[in-house]
Every structure is written in C-alpha cells, then in structure tokens.
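Please keep the sequence and the model in view while working through the numbered paragraphs.

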Amino acid sequence: MFTTIMVVDVVSRFDLYIYDNLNIYLTVSCEQRVVISNEHGEKLVGLLHQTSSNKLVILCHGFQATKASVMLSTCLNGPSPAALAKDDSILVGLAAALTREGINAFRFDFAGNGESEGEFQYGNYRKEAADLRSVVSYFSKQKYDIIALVGHSKGGNAVLLYASMYHDVPIVVNISGRFALERGIDGRLGKNFMQRIKKDGYIDVKNRKGEFEYRVTKASLEDRLSTDTLLSSRAISKGCRVLTIHGAKDEIVPAQDARMFAANVPNHELRIIADADHRYTGHEKELNSLVLDFVRSPHQCTSPLRPKL
C-alpha cells in the first residue's frame, strides 16, 4: 500500500480557542502530531485530537490556509490580515467542539501547504482528494470509525470530490465550498487572465505590497477549470448525507453556490447563516453547533457507508 505513517510526537496541553472578541474557551486535549505519506511520497502533517472514543472526523482547510490556529500572541493583539489568510482557525474551533463531545478530530495540511511537503498548486482539486484518501486509509487501518469529513472553502470541494469518488464515508460537511469553479478567478489573477496565461504559460500572483505569493501555471488553471462540480455532486451516493453551510454575506463565494450544491447532491441539507461572512466572524458557535448536530444525528448510525479499504 502507498500510505505510510510516522508519529512524530505526542503532547498534552492547554489549547486556547478564540471564537470572537467576547468569548474565550479553554480546554485540555491530548494531541498527536501525525505524519502520513501520500501516494506521491510527500509527507502530510496533521494533528490528531484524541478522546476515549474511536469515532473520528477529518477536517480539511481551504485555499492557502493551514490546519493551524492563529498564534496566541497574535490573537490577543488582534489577528492580522496576513495571519487570517494563512490560518484556518475555523478548523481549530471545530476540533475543540468535537473533542468536547467525545469525538476525535484530525486536521492536516494538504501537500504544498503549511508543514506538509510538496509544491503549492493553484488548482490541485483531484490531488487534494487523493491526499484525503491517504488520510482516510491510514485511520481506517487504525480501526477508527470515520464518521464524517468536513471541509471549509476549497476544503469543502475536496471532501465533496472525495465522496463522489470513493463512497466510503457516511457524512460530508461542506462549509462555503465553491460550485462554479469558473468564477472568482479574476479576483486573484486579474482581468484577461486566460490571454495572459496562454501567452506566458503562467501568472505570478502578488500581494497588495507587490510581493510574490505563488505561481499559477497553465496546467494548474486547467485543473481547476476541468473539475466538474456538477458531475461530482450528482455522483455522490444517496447513502452519504451531505450538509452545506454557507454565509449569506460571504464576500468570497456567493451563497448561490450553496444552493447549487443543494440542487444537485442526492442526499443534501442546506443551512444559510444570515449575516455570516466567509470566515463566519461572530458566528463561530452557530457554525460549530450546526456541524455537531449533523454529525451526531442518529441517521449517521444507520448509514451503510463505512471505509472499506
């Protein structure tokens, strides 16, 4: 088998999870820092939040994000825009909420992101689904009961694509995933991006300061444009329960995308959070509650889908 595992260290510690400016939650968890090799031999680094249960939820981050929270020192002084762009603190909050309910949670960096090996790619949808396959394979062999996959933003696309390909996980939660992948590109690459990339073969994306961030190749752009969310949504098994959560005031992915998932995924529930943005600022507890209620629903116990690898 292509998947190998290495446990680098185990720590027990106090974790500070900040949900908003008024509410600070302190919890104790046992974490394992786990490294899993994907099918390309790249090491994927993750954190396993352990409880006494064997039930496990796998959490997937979004575009240019990571498994990690914003650093404590940064949070107490107010997170900077750069920190927010690079860290998916939504996953940290979800991991804390799950472990408080006695459910294990594993959050990891896709290849080319965070601590994981590999080169960052702009598209990479199928490869991220394959990375997720490596993670599911490992924990299934370790006798964990993988009850759900949860993804935020591009991570939502990863978990949905995974479900359309493998049909072995009973619950998928898509938080603010994008249905229309042909949209939103010019916001990052600028106008006339197709003409520019056909001419030069790539586009270098820079931040507001003019500093280089990442390169978009023609192949990586074609990977995004060739990923068929309509086909993959309809290919998800009826035995897989899917929840899409979206903010009504999402400034990055319009809520209409969530309605498109609802119209095409066979066994689907939709929840729109009024006034929530892409990061659910001020709505973190509501987000966590929706995810927990769906994952804990008695329907998941009767699902015929379980990892068979």
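1. Phe-139 and Tyr-144 are both buried in this structure, which is a predicted model. The two residues form an aromatic pair. For Phe-139, the relative accessibility is 1%, so the residue falls under the 20% limit for being buried.

2. A pair of aromatic rings is described by two quantities, the distance of the centres and the angle of the planes. In the whole structure, a search finds 11 aromatic pairs. One of them joins Tyr-138 to Phe-139: the centres lie 4.9 Å apart and the planes stand at 70 degrees, so this pair is edge-to-face. Tyr-138 has a relative accessible area of 11% and is therefore buried.

3. Which residues do ring pairs link into a cluster with Phe-139? The cluster consists of Phe-106, Phe-108, Phe-110, Tyr-138, Phe-139 and Tyr-144.

4. Leu-47 belongs to strand 3, which covers residues 43–50. Is Leu-47 buried or exposed? Its relative accessibility is 15%, and because this is under 20%, Leu-47 counts as buried. Val-35 is 12 residues away from Leu-47 in sequence, and the C-alpha atoms of the two are 8.7 Å apart in space.

5. The axes of helix 4 (residues 125–141) and helix 5 (residues 154–166) come within 9 Å and cross at roughly 70 degrees. Since angles of 65 to 115 degrees count as roughly perpendicular, helix 4 is described as roughly perpendicular to helix 5. Helix 4 contributes Tyr-125, Arg-126, Glu-128, Ala-129, Leu-132, Arg-133 and Val-136 to the contact. From helix 5 come Lys-154, Asn-157, Ala-158, Val-159, Leu-161, Tyr-162, Met-165 and Tyr-166. Taken together, the residues of this contact divide into 10 nonpolar, one polar and four charged.

6. Two charged side chains deserve a separate remark. Where does the charged end of Lys-154 sit? It is placed over the ring of Tyr-125, 4.8 Å from the ring centre. Arg-215 lies over the face of Tyr-202, at 3.7 Å from the centre of that ring.

7. The backbone also calls for comment. Ser-153 is not a glycine, yet its phi is positive, at about 60 degrees. This residue lies in the loop between strand 6 (145–152) and helix 5. With a relative accessible area of 13%, Ser-153 is buried. Tyr-280, likewise not a glycine, has a positive phi of about 60 degrees. Tyr-280 is located in the loop between strand 11 (268–273) and helix 11 (284–296), and at 0% relative accessibility it counts as buried.

8. Finally, the chain as a whole may be considered. Its secondary structure comes to 11 helices and 11 strands. Of its 309 residues, 52% count as buried. Among contacts in the chain with a separation of 6 or more, 69% are accounted for by residues 24 or more positions apart.

Notes:
Residues are numbered from 1 along each chain as its sequence is written. This is a predicted model: local features need pLDDT of at least 70, side-chain atom pairs count only at pLDDT 80 or more; totals for chains, interfaces and linings use all residues. Side-chain values use heavy atoms; hydrogens and water are left out. Axes are lines fitted to C-alpha atoms, for helices over the stretch in contact, and angles run from 0 to 180 degrees between N-to-C directions. Helices (H or I, at least four residues) and strands (E, at least two) are DSSP runs, numbered from the N terminus. Angles under 35 degrees count as roughly parallel, over 145 as roughly antiparallel, 65 to 115 as roughly perpendicular and the rest as oblique. Contact means heavy atoms within 4.5 Å. Ala, Val, Leu, Ile, Met, Phe, Trp, Tyr, Cys and Pro count as nonpolar, Asp, Glu, Lys and Arg as charged, and the others, Gly among them, as polar. Rings of Phe, Tyr and Trp (its six-membered ring) pair if their centres lie within 6.5 Å; planes under 30 degrees apart count as stacked, over 60 as edge-to-face and the rest as tilted. Buried means under 20% relative accessible area, exposed over 50%, partly exposed in between (1.4 Å probe, protein chains only). A charge sits over a ring if NZ of Lys or CZ of Arg is within 6 Å of the ring centre and within 35 degrees of the ring normal.
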